Every structure is written in C-alpha cells, then in structure tokens.
Amino acid sequence: MRTALVLAFATAAVLLLTSLARWPSHDIPRAHVAAEPSLPRIAPAPEFTLTSQDGAPVRLADFRGKVVAVTFIFTMCTSTCPVLTPMMSFVQDQLGRDFGEKIVFMSITVDPERDTLPVLKDYARAFGANPVGWFFLTGEAHAIRDVTRRYGVFAAKTESGDVDHTFLTSIIDPRGILRVQYLGARFDSEEFRRDLLSLVNEP
Amino acid sequence: MRSTHSRRRFLATLSSAAVGGLVGTRSRSLAQEGPSETTAIKLARSPSICLAPQYIAGELLRAEGFTDIRYVPADGGIGQSAGLASGEIDLTLHFAAPLIIPIDRGDRITIVGGAHVGCFELIANERVHGIRDLKGKAVGAQSLGASTYIFLSTMAAHVGLDPIKDINWVTTSTVRPSDLFIEGKIDAFLSFPPEPQQLRARKIGHVVVNSSIDRPWSQYFCCLLAGNRDFVAKHPIATKRVLRAILKATDFCAGDAAAAARRMVDGGFTDSYDAALQMLNEVPYNKWRVYDPDDTLRFYALRLREAGMIKSSPGKILADGTDWRFLNELKRELKG
C-alpha cells in the first residue's frame, strides 16, 4: 500500500516535471542572477544534527561553504508534500553540476515514528533525489520537535495519525545565515532556483 | 429594544471607549533580528472566528519565543480598539474601520500589516435586495461601537444613504442581531463568521453583499494586525515575530482549511468544526502578499469620512497610525 502510494506520487511527479520541463538545463545566465537584489540576512540558521536516509549523521554546520535548502515533509502526506518534493526534484535537476557541489537540500520528516530510514530511502528514490546532495533526515521525536520549532514550523499529530504542519522551506547561505523562507508548497520554482544560485555567486 | 441614534451619541460612544494619546516615534531598524524583547504577548479573542490565523498561531508564537500567550476577551468592535490603545491588548487582528476611528481621535494604535479579505456578509429578508433597500428598514447591530454598525454605515453612505437618518437601527446588548433576524424582528444585519455559515445551514435569509466577493469591499483587506503604539515602539522585534507567526498561520488557513478548523476547535475558539471549515474555505486567506494595507486604509478612511465618522484625511491616518517596516521586511524574508 505504502509503496503504491509512493509510486503514485512519483508518477505524478514525473508528469509534473514533464509539464515543467521548459527551461534549458542548468546554466541560467549568471548576469541575470547577479542583477537580483541580494537576499536579506535574517539570523544565524538554527543548527541541528539528524540522521540521513542512509543512516549517516548529518550536521548542518558541516555544510558551511554550501547553500542549503531545508524543508519539512512526511512521506505519508497526501496533500501538499506531493507537490513540494517533486518541485524540489525538478529544481535539483535544473541546478546541474552545482547540485551537491555547491547546493544541497535537506528534507526533514515531521513524522519520525513512521518515516523510518528504509521508508525515507524509498521516498527519496521514488522522487529521483540525487543522494550526492539531497538528504532526507530523521531523528528522535524530541530532536525533530526542537528543529521544527526553531525553524518556525508548526507540526502536530492528528487523531488519524497524520501530521498537520506548515510548509516552510528555508535557504541558508554558505556562512550559515538564514536568508529567506518560502511559505507553502506552491511557490515559484524558478525564483527558488534563482535565490539558490544568487547565494552561490554572492561575494 | 428599538432605539434611534444620533451621530452625537455615536461619537460619544467612541469617546467613552477611546483612550487619547500622542503620536509615537518610529522605532529602530530590524536588520539582523535579535531575540524578542519580551516573551509575553496579549492578543484579542473576539466573537468573530474569522480571526482564525490569530487563534491557531499559538504554536507558531511559541516557536518565535513567546512563552506567555494570552487571549483577552474583546467585543470585536470599538471596544477591541480601545483595549489596544490602553495596552490591555498588545497586538491583534482587527477590522480596518474600527481601527481608523480611534486613530482619527489620536489614540495610540499602530497598524503593522494586512492579513485577510472579507469576513462580513449583509444578510437580509425578501424586502431587501440591495444596500439602498435598507432605507426605512429595521437593521440590527450589537451596538453603536460594533464593527458591523460601522461597516454597514460606510456601505450605506457609499450608495448615498444617510446611515443615521435613513436606517432604523435596532441595537440590543442582550439579543444577538442574528437571533432578531431569525425571529423576524429586523429586516437585515451585517453578519460575521460563524453567523453566515449558521444561517446558510438553516436556509434563513439571503446574502445581499459578501465582502469576500463583492466590489469594492472585496478589493481591500478586512482584518489587519494592529498594535498598541507603545508596545510596537518598545518591542519592534516582538512585533515582527508576532506578525510573522500570524502571516504563517494565515498561509496555513489558506493551505489546509480542515487542519486549521481542527486547531480552532481543539483550541476552544469555536465548537462548530463545520462552520469553521466553511468559513475557512470562503474567506480569502491567501491575499496578504497581494493586497496593499495602505490602499485599504485610504479606502476605509474615505468611506468613514463620507459617513461622518472621522475628520482626518487618509494621509493623516496613514502618517499617524501605520508602520509598514515589519511587513515590508517580511515580504522579502517570507516568500511564497
């Protein structure tokens, strides 16, 4: 049942990506990126250490020098997560060589009880996540609660076992400063990509 | 129960509810935001459930560092504005018109951002099919300081009626206008959630104006976040954090109405999940980034002047009673 659901989401993702595949891959004009006004500097990004889908510890501080996008999902989500993860997958592909080398994604589960490491690994594979630069993270429930709270995300289990949560994707610059947050899951993927690249190119 | 009211009595009502004050100074820049200046926050709890973002923002406020979050009972009208001006309430979502009236009088209120559009619906019987039809009709309002009275007066003035002379206002503090309407004792009243949803469920009355849909009202914010001017000046980071939490909650209302309705019921802000869900699906909670609170205040200031409820120009209201720094910064920091 779970595999079928994930496959269904992945199929939907492929359809979405196909419909969105209108940009040339990777190299957007850097001059255009440089012309954008610089992103605000909100505050130092909250630190965390969690566990990746491969069982490896992932510490945000170890990614200094790279641009990091941190978002919150759960794999059984049937409403908005199936929109957000494919969109990030699409942007991943558009980033080309920069992905992994200069830009990484971290999707943190808000449902650590059900999102075990094998489940996260299946989910990552279903959405075409490149393991070089996209980490699906979990941890002890209290650690997840702490990270969600410090990033300003609301998440609460419902009686049905699902999770009500706000969607918030945060972009952190190579110096570990939180620069911008995207609300919801239907934000502009092109703007998101431009913001990521603007920080790669920032002096 | 039935009473006739004069403009003088209306202004006297405002006077008794209002607290005078001086124009405050703008506080420092918020660049490189630090910790909040306070961990305590007092918000209003009004009879209207359209303040949903404020009611479900608890966890988001805690995430912003607030540990003492209180909801102060308020009337949803001029009394709520008076609570803001006096400092009984620190910050709250509130309808634009009853915020402008005390600002016109010099009360210490600062509006910091817009949240959502349209909460109000003019419900009427078969004798009323347009706003002009209100002439000579019995129209209910909880009080002369109620948002519904103020709003409907501006609507009436906008179509050329004199809201004082042309409408037979029926006010009572003991019976709700919706109950008077159900009993057939009034022809119309301006309702706010959950009243329209409850009446629709019972197939009572019809909608003459829906401020979520009908122009010009639908083109402007209904509720904005306003603060006590001293609180805002002394606690700029806290103010920004409250606005951020409420904007996130507003987005949550737009994105997951069912979950938001559950949170309202669980939080004890309503006992009707169905009415809350219907309201959350009807009220546009996805406009805070699109609509301009400056335009909203200009529009309502002009309407209130038409209705004889304020004397100040829109420019003076904006100069005295707004601070958009917080919203402008958050628009850059919170994309979507």
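Where in chain B does B:Lys203 lie? Select it and look: B:Lys203 sits in the loop between α8 and β9 of chain B. Keep in mind throughout that this is a predicted model.

**Stop 1**

As background, most residues other than glycine have a negative phi, and most peptide bonds are trans.

That second point sets up the next two selections. Pick B:Pro193 and B:Pro194 together: a cis peptide bond joins them, with omega at about 15 degrees. B:Pro194 belongs to the loop between β8 (188–191) and α8 (195–201) of chain B. Now move on to B:Arg215 and B:Pro216, where you'll find a cis peptide bond with omega at about 0 degrees. For B:Pro216, the loop to display is the one between β9 (206–210) and β10 of chain B.

**Stop 2: the five-stranded sheet**

Next, color the strands of chain B and bring up the open sheet of five strands, which reads β7-β6-β8-β5-β9 with mixed pairing. Which strands stand at the edges? They are β7 (168–171) and β9 of chain B; each has a single partner strand, so one side of each is left without a neighbour in the sheet. Going from one strand to the next, the twist averages 30 degrees.

Zoom in on strand β6 (residues 138–141) of chain B. It pairs with β7(B) in the parallel sense, over four bridges. If you want a residue-level handle on that pairing, select B:Ala138, which stands opposite B:Asn168 in β7(B).

**Stop 3: the three-stranded sheet**

Still in chain B, select the open sheet of three strands, ordered β3-β10-β4. Here the pairing is antiparallel. The edges are β3 (91–95) and β4 (109–117) of chain B, each with a single partner strand, so one side of each has no neighbour in the sheet. The twist averages 30 degrees from one strand to the next.

How many bridges join β3(B) to strand β10 (residues 221–228) of chain B? There are five, and the two strands run antiparallel. To see a facing pair, click B:Thr92, which stands opposite B:Ala226 in β10(B).

**Stop 4: where chain A meets chain B**

Zoom out and show both chains. The contact set is 25 residues of chain A and 21 residues of chain B. The size of an interface is often given as the accessible area lost when the parts come together. Between chain A and chain B the buried area is about 2,000 Å², and carbon and sulfur atoms give 57% of it. On the chain A side, select A:Ile42, A:Phe154 and A:Leu183: these lose the most area to chain B, together 33% of what that side buries.

Switch to the polar side of things. Eight residue pairs are in polar contact across the interface of chain A and chain B, both residues at pLDDT 80 or more. In chain A, the elements giving two or more residues to the side that touches chain B are β8 (163–165), β10 (177–183) and α7 (189–200). β10(A) gives the most, with four residues. By class, that side of chain A has 13 nonpolar, seven polar and five charged residues.

Between chain A and chain B the count is three salt bridges.

**Stop 5: a salt bridge within chain A**

Over all chains, the salt bridges come to 36. For one of them, select A:Arg150 and A:Asp146, whose side chains meet at 3.0 Å, N to O. The two residues are four apart in helix α6 (residues 141–150) of chain A, so about one helical turn separates them.

Definitions and conventions. Residues numbered from 1 in each chain as written. Chains lettered and ligands numbered in written order. Predicted model: local features only at pLDDT ≥ 70, side-chain atom pairs only at ≥ 80, totals over all residues. Heavy atoms only, no water. Contact = heavy atoms within 4.5 Å. Buried area = accessible area lost by both parts, 1.4 Å probe. Salt bridge = Lys/Arg side-chain N within 4 Å of Asp/Glu carboxyl O. Polar contact = N/O pair within 3.5 Å; in protein donor to acceptor, adjacent residues only side chain to side chain. Nonpolar A, V, L, I, M, F, W, Y, C, P; charged D, E, K, R; others polar. Pairing = 2+ DSSP bridges. Axes fitted to C-alpha atoms, helices over the stretch in contact; angles between N-to-C directions.
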